[in-house]
Structures are given as structure tokens and as C-alpha cells.
Amino acid sequence: MKVGIAADHGGFDLKGKMAAFVEAQGYTVVDYGAYHYDKHDDYPDFVVPLAKAVANGEVDRGIAICGSGVGASIVANKIPGARAALITETYSAHQGVEHDDMNIICLGGRVIGSVLVEEIIKSYLKAAYTREDRHQRRLNKVIALETKEETMKTNPLVNVYSFRQSIWMDFIRRGILSSGELKTMIEEYGLKGITSNPSIFEEAINGSTDYSTAIQELVRQNKNTDEIYETLAVEDIQNASDMFRSIYEETNAVDGYVSLEVSPYLAKDTNGTITEGKKLWAAVNRPNVMIKVPGTQEGLPAIQQLISEGINVNVTLLFGLERYRAVANAYITGLEHRLKNKQPLDNIASVASFFLSRIDVMIDPQLEKIAAAGGPNAAVAKSLLGKVAIANAKMSYQIYKELFNSPRFRTLAEKGARPQRLLWASTGTKNPNYSPVMYIEHLIGPDTVNTVPLETLKAYNAQGEPASRLEEGLEDAKKVLTDLASLGIVLDDITEKLEVEGVEKFNKPFAKLMEALENKRKEALSSVK
């Protein structure tokens, strides 16, 4: 049997004695250091190579020694395949091997005598793993957990969360709920929430048979088209909310949200938005649902009112910085109304969904035209291609920090209020010449959300390199917006136009959705008759 041994300065003297003792017992000893006494050395530098050698099978057992044995135990167990324990008596020395397949013992050079250590080592090295069913069953669970954690470490989507950004998925369909596919994606991709919109639901209805049986049953109940839509949508959101409920609870209501949109026809109707928002909130009846409200001028009072009534809101269709500021203030004002009325502020959540790719899609052709014309502005225009949306988003984050670190919000935070997080939306790259993950990579930062289309999720899972970059290059971002203005392109005009188009882009698929449901209702009605 090969036995590896390692120690820092706290176990250096004991290591020398025990290496000789182990050899005298007939074992081969491999020394991983320290090789000389240095009171400033660090135990991980010696224990980690030992633990890796044990895990890789280079040696059969390991002995790690530091001053107390605690540090050696902690670091050894960070290595997959190493099963280390701090041992102070002979029973655990052999029982740990026999029942738990322990392969490294950790000893305290300053707290245990060499005579007892010799007895511990003899007991440890003579012991063998029993492989009894009950022991193997337990060990398999440990190995499965270890394997899962290692897989997660190599998953870029999961790693994004270590930078305090939550990944939500911008896709929902009944099939992924009923098949267990969504549950698998939650685990594999580390999803923390899910969003939807009329376009996604329209594609789900028209592009699958997932809803056929449910539609037929609703027709039998004499439901009209509007009632069928609401029933199907609410059921999907309820089922998805239940799947994310554990995340909602584990994160103390920070994540685990599922969003359901009010009718896009209400984008310019404040009272209609409030009424439908309250209706959908009551219908879903889940604490981890968010009601999506367009961030139009008419949507601002609705956001304030819904928040004041304790309804979670996902503010959608945000493009401009000043509109974002107004949305954040509407959220804060809603919370202030609750405080004034002595209502609780904790567990009320909101996100402000800032749309990205559509900005570049609208601005890039104008830049390309200027670049193609040549002249003094050509180089500047070319340098801005594909950069405006990200620069705009970086500036919105600075507004976020200003507002939610202000004395005004601090008063609310002391009563349990949470900031309204920025959510990056429309993050699928439309230009094939751009990186498919550019709207994720450049905008990872604390207390933000990125809701990602399915194809972009897969792309990031394959090639993402997460790092906190949201506040990198702020001066460059400011220069992008300044240079854009110098070219005569007024970003406020662009974002205003995008808001109008955004509402229309949701109206059209919603109309198609309702038309499709009406057709399916008629088909089902004829079969019922």
C-alpha cells in the first residue's frame, strides 16, 4: 500500500516521525511536503497535492497534518474523490474506513501525542471498506452529490449566479412543464425564474398540440375564447410557479418568479391594466408570480398602484434611461404608500425589464449608412456598431445604484423593502455577425437578472465565460452614447419609437393567438357536437 503524507509547519515535526513509523510498518511512503520547516508556509500548498494524489489513485491512503488538523480536513475535502476526517482516537480511525471509505486522516500536530498518533495510524491503515449495501448506498449518495457539484462548477450558466446575477428563461410551453423538461433545465442550467410574452404563448399554441385536450375540455364547459386563453395561461403560470417555489423559498423571495402579462391591448390604459393585473394576481394565487406591465407613460400609475396593493410587478418594454428612472420611482412611490398605510414591505418584488437587442437592430442600419458614406464620421459610426444597447444598459445600472442607494429608499429598506432589480430582456442576438452571447457576457453584475431565450441559453451553456463586467468600461460606455449623439442620432427618439413598436409587436402575436384559439375552439366545438 502506498501512503501519502503531508504537513505544514504546524505538523512538520510529527510528519517526520510518522513517515518513518509508517515505513517501519511495511508501507511505501510518498512525501508531499513540507520538506523543510517554514513558520510562514500554508497548509493548502501541501494538503491539496496529497488529496489530489489520493483521489487520482497515485497513493492509496493519505495522512495530512497541520497544527490542529482542522484546516487540513477542510481543504482536503474540497478535492473531489477525497474523503477526509479529523481523527483523535482509534475507533473513528478504522470505522471511518470501514463504513465511509475514508481515505485521508487529518491530525493535529500541536494537540495530539505521537504515541496515540501511531495507534491511530495503525488502526487506519489496517482497516478496509466493508462494501456492505447500506454503506455503499450512503457512499453513492455522497459521490452523486460530489459529481453534481463538479458538473455545476463547469456550467457557465450556473456560474453566473456566483456573480449575483440570476438567469431566468424567456420561454414557456405546457409540454416542458408536463414532461419534466423544465425541472431538468432548472437543475442543469441553474434557472432562477421564467418569463413569457404573447409571442411565446402564440407560438406554443400554434406550434404544438400541447393544448389540444385542454381546449376541448374548456369548450365542453362552454368557455369563450377569452376565457380559454386566460384559463390556459393561468394554469401554465401556476404549474411553473409551483416548480420554482422551492427556489423562491430558498432565496427568501429574491428569485423563483414566473411572469404573466396583462393584455398588450391595455398598454395605454391605466385603469384597465390595474384591473387586469389584480384579476390575474388573484387567479394565479401564487406568491412567486409577477404581473407584467408595459412601462409606458400610462403604465406608470398602474405600476405604482399594483405595488401599493402588494402585487409583484415585472415592468416590461423599457428602452430609455429616463423612462427607466420614472419606472423605478413609481415602484418606490408604491412602497411609500404601503409604508404610510402601515402595510408590510417585505416579500414584495419587482424587476424592470430593459430591452437590448432591439436597440442595436434599429440603430445599426443608421450607423452602417453613415459608415458607408465615408467622410469624417465614418470611422466613428463603424466603431459604434453593436455597442449602443450594452452602453445604454450600463448607464441604466448607474441609475439603479443611484436610486436604490439613496436616503429615500434606505428608509424603505430598513422596513424590509427590496430594490427593484434590473432585468436584461431581448437578449437573443439578432445580427449573425455578433456573438450570440454578447448580451449576457457584458452585463453580468450584482443584483440583476437576465431572462434568456432558449437558444441563447444553450449557446451560453456551450461557450459562456462568466465574469462581473457590468461596471467595466463605464467611461467607454459614456463615450459610445456621446459619439452616437455627435452623429445626429438621438437615442431618446429611438427608444420612444421602440416603445411604440414594442407594444405593436406584442399586439400582433396576441391577435394571432386569440385568432388561433378561436379557430381551435370552433374545431373542438364541432367535434363535441
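I shall speak about the cores, the pocket and the cavity, and then about selected residues.

The model is predicted: local features need pLDDT of at least 70, side-chain atom pairs count only at pLDDT 80 or more, and totals for chains, interfaces and linings use all residues. Residues are numbered from 1 along each chain as its sequence is written, and side-chain values use heavy atoms, with hydrogens and water left out.

Let me begin with the cores. A nonpolar core here is a set of buried Ala, Val, Leu, Ile, Met, Phe, Trp, Tyr and Cys residues joined through side-chain atoms within 4.5 Å. Buried means under 20% relative accessible area, exposed over 50%, and partly exposed in between, with a 1.4 Å probe and protein chains only. The largest nonpolar core contains 130 residues, and Met-169, Leu-182, Leu-191, Leu-232 and Tyr-324 have the most contacts inside it. A second, separate core has 24 residues, including Ile-5 and Met-102. In soluble globular proteins, nonpolar side chains tend to be buried together. Contact means heavy atoms within 4.5 Å. Beyond four places in sequence, the residues that Leu-191 touches include Trp-168, Phe-244 and Leu-457.

Leu-457 brings us to helix α21. Helices (H or I, at least four residues) and strands (E, at least two) are DSSP runs, numbered from the N terminus. In α21, the buried residues are Leu-454, Thr-456, Leu-457, Ala-459 and Tyr-460. Their cover includes α9 (181-189) and β6 (165-170). Gln-463 also belongs to α21, which spans residues 454-463. Gln-463 counts as partly exposed because its relative accessibility is 42%. Leaving aside neighbours within four places in sequence, Gln-463 is in contact with Ser-435, Pro-436 and Val-437.

What, then, of the open and enclosed spaces? On a 1 Å grid over the protein atoms alone, a cavity is a set of points where a 1.4 Å probe fits but cannot get out; a pocket is an open set with protein on both sides within 12 Å along at least five of seven lines; and lining residues have an atom within 4 Å of a point. The largest pocket holds about 510 Å³ of space, where a volume is the space filled by probe spheres set on the points, and grid points are joined across faces, edges and corners. Of its 26 lining residues, Asp-170, Asn-197, Ser-199, Ile-200 and Arg-358 lie nearest the centre. Elements giving two or more residues to that lining include α10 (198-206), α21 and α23 (491-528).

There is one cavity of 30 Å³ or more, and the largest cavity has a volume of about 150 Å³. Among its 17 lining residues, Ser-196, Asn-197, Phe-201, Tyr-229 and Leu-260 are the closest to its centre. Helix α12 supplies the largest share of this lining, four residues.

Which side chain is joined to Glu-499 by a polar contact of 2.7 Å? The partner is Arg-323; a polar contact is a pair of N or O atoms within 3.5 Å, and within protein one must be able to donate a hydrogen and the other to accept it, while residues adjacent in sequence count only if both atoms are side-chain atoms. Glu-499 is found in α23 and is buried, since its relative accessible area is 12%.

Finally, some backbone geometry. A cis peptide bond joins Gly-33 and Ala-34, with omega about 0°. Ala-253 has a positive phi, near 70°. Most residues other than glycine have a negative phi, and most peptide bonds are trans.
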